[in-house]
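This report describes the packing inside one protein model. Look at the structure below before reading on.

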Amino acid sequence: MPPRPNQPHRPLPTMTADTLVIADFGPRGSRGPRGPRHPGGRGGPDGRGGPRDRRGPRTPGPYRRLLATPGARAFTIGNLLARLPMGMFSVSAVVMIAGTRGSYALAGAVTAAGLGATAVVAPWIARLVDRYGQARIAVPATLLAALGSLALLLCVRLGAPAWTLFVSYAATATTPNLGGMSRARWAYLLDGDEKALHVANSFEQAADEACFMLGPVLAAFLCGTFFPEAGTLAGVTLLVTGALLFAAQRSTEPPPWTPPHSDPHPDPARTRSRPASPRTPRRTPALRPLLAICLAMGAVFGSMEVVTIGFADGQGHRAAAGVVLGLQAAGSCAAGLVYGAVHRQGSVEDRYVWCIAAMTALLTLPLLAAALTGSLLVLACALLVAGMATAPTMVNGMTLVQRHTPPGRLNEGMTLAVTGLLGGIACGSAAGGWTVEHVSPVAGYGVPVTAAAAALMIALVTHRVTHRPAESSNRFT
């Protein structure tokens, strides 16, 4: 029988047939899986027979906590599907046009014209997104861009005049800035949580790198394995499907910016609304140097791509250039994920300067690898290491853009940053191509180093301007 209160319980030995059984009728909390519980140790005083260590549930990692935000996984899946074609369309267009018309010059001119059209149209699309909402603008803009890609495919297939290729590809400039819209949703959902927003920006930057790493590889595989138009068809399918899934997640969509005089009877159900914007992002003093840095950073990316292709071609391995550049994107993707999970120190302005400095220093590695070894394998390793500074730099840059963009204009502000990158890519491609053709591919690796050094100088000179507190908060409260 169990012991009476105020008496210590003792195990009760008994026999059942030929088996000795020791029964313990003490309270459950006083014993563990293997014997009585003794505080301060694994069982009794001799350290044997005590309970096993019981650890609490593991704390989820920062990215798992981020994606646990209500509605986050749904819009992230759709957004990633729609962003993957961003790295496919240009490669598919070049393969399709050059393979059919036999002219890389025409293919390059068409893609360059599309890039210029994007630089003009994208900020306007982003302004409409801020004004009328993501779903209302992104869906028709995406469908128009998809029609442009299909028109390009038909013009190439049917042998239409060259000018139709330019017009068709220019229509794809209406593709909305899906990465910027995803960052805007994170800013809306994580309003006021700087730590979580840092993780979100790191995740989005890693996603950008992954899309631009996998997109060209997928496009080259489809065009080479099936038919030249396969990459464009797959890209259109992914873009439209992903954009529709993304736009369907209305619960996480930020409310459109509405001037106070145009909404005399606001809906009280929407507790978070955007205040009136006092100015456009272009007129924000702290945002101008950030856009200039984006221009220089784009020159780094554009020149690195062209110079690497030229160097691989000179080594007789032009087909391997995509893999080599993919390693650079892989290093950036991995570094972005790690950077989002580590503890941050110092202000974001200081971290931005240090990251640009690290990027400038690491970009000398490909130059040294090409000049001293001439080995494509050594160059690939150097690009893998050099790419590790890209994502942390872009994370801090986008954080500053978000901080200094006037409220209600977040999509426009981030699209302006992307436009600066695109303009820099065009300039860097031209400078890198000229250097490879007129000097040497090895000398071409000096172009991205020079562009990164220019970005560092701009960051140092304008550090006080970007370090000023934001004139108006970008929060949605």
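## Nonpolar cores

In this predicted model, the largest nonpolar core has 85 residues. The residues with the most contacts inside this core are Ile97, Leu152, Leu165, Trp186 and Leu363. Helix α10, which covers residues 287–314, gives the most to the core, with 13 residues.

Another core lies apart from the largest one and has 5 residues. Leu84, Ala219, Leu222 and Ala230 are among them.

## Surroundings of Trp186

Which residues does tryptophan 186 touch, not counting residues up to four places away in sequence? Leu66, Leu67, Thr69, Ala72, Phe75 and Thr76 are in the list, and so are Leu197, Ala200 and Glu204.

## Serine 168

Serine 168 is placed in helix α6, residues 162–170. Is serine 168 buried or exposed? Its relative accessible area is 8%, and buried means under 20%, so serine 168 counts as buried.

Leaving aside neighbours within four places in sequence, serine 168 is in contact with Gly148, Ala151, Leu152 and Cys155. Of these contacts, Leu152 is also one of the residues with the most contacts inside the largest nonpolar core.

## Helices α12 and α15

Helix α12 (residues 348–362) packs against helix α15 (residues 390–404) at an angle of about 150°. Their axes are 9 Å apart, and the crossing is left-handed.

On the α12 side, the contact is made by Val348, Glu349, Arg351, Tyr352, Cys355, Ile356 and Met359. On the α15 side, Thr390, Pro392, Thr393, Asn396, Gly397, Thr399, Leu400 and Arg403 take part. Sorted by class, the contact has 7 nonpolar, 5 polar and 3 charged residues.

Definitions and conventions: Residues numbered from 1 in each chain as written. Predicted model: local features only at pLDDT ≥ 70, side-chain atom pairs only at ≥ 80, totals over all residues. Heavy atoms only, no water. Axes fitted to C-alpha atoms, helices over the stretch in contact; angles between N-to-C directions. Helix = DSSP H or I, 4+ residues; strand = E, 2+ residues; numbered from the N terminus. Left-handed = near helix turned anticlockwise from the far one by under 90°. Contact = heavy atoms within 4.5 Å. Nonpolar A, V, L, I, M, F, W, Y, C, P; charged D, E, K, R; others polar. Core = buried A, V, L, I, M, F, W, Y, C linked by side-chain atoms within 4.5 Å. Buried < 20%, exposed > 50% of the residue type's maximum accessible area, 1.4 Å probe, protein only.
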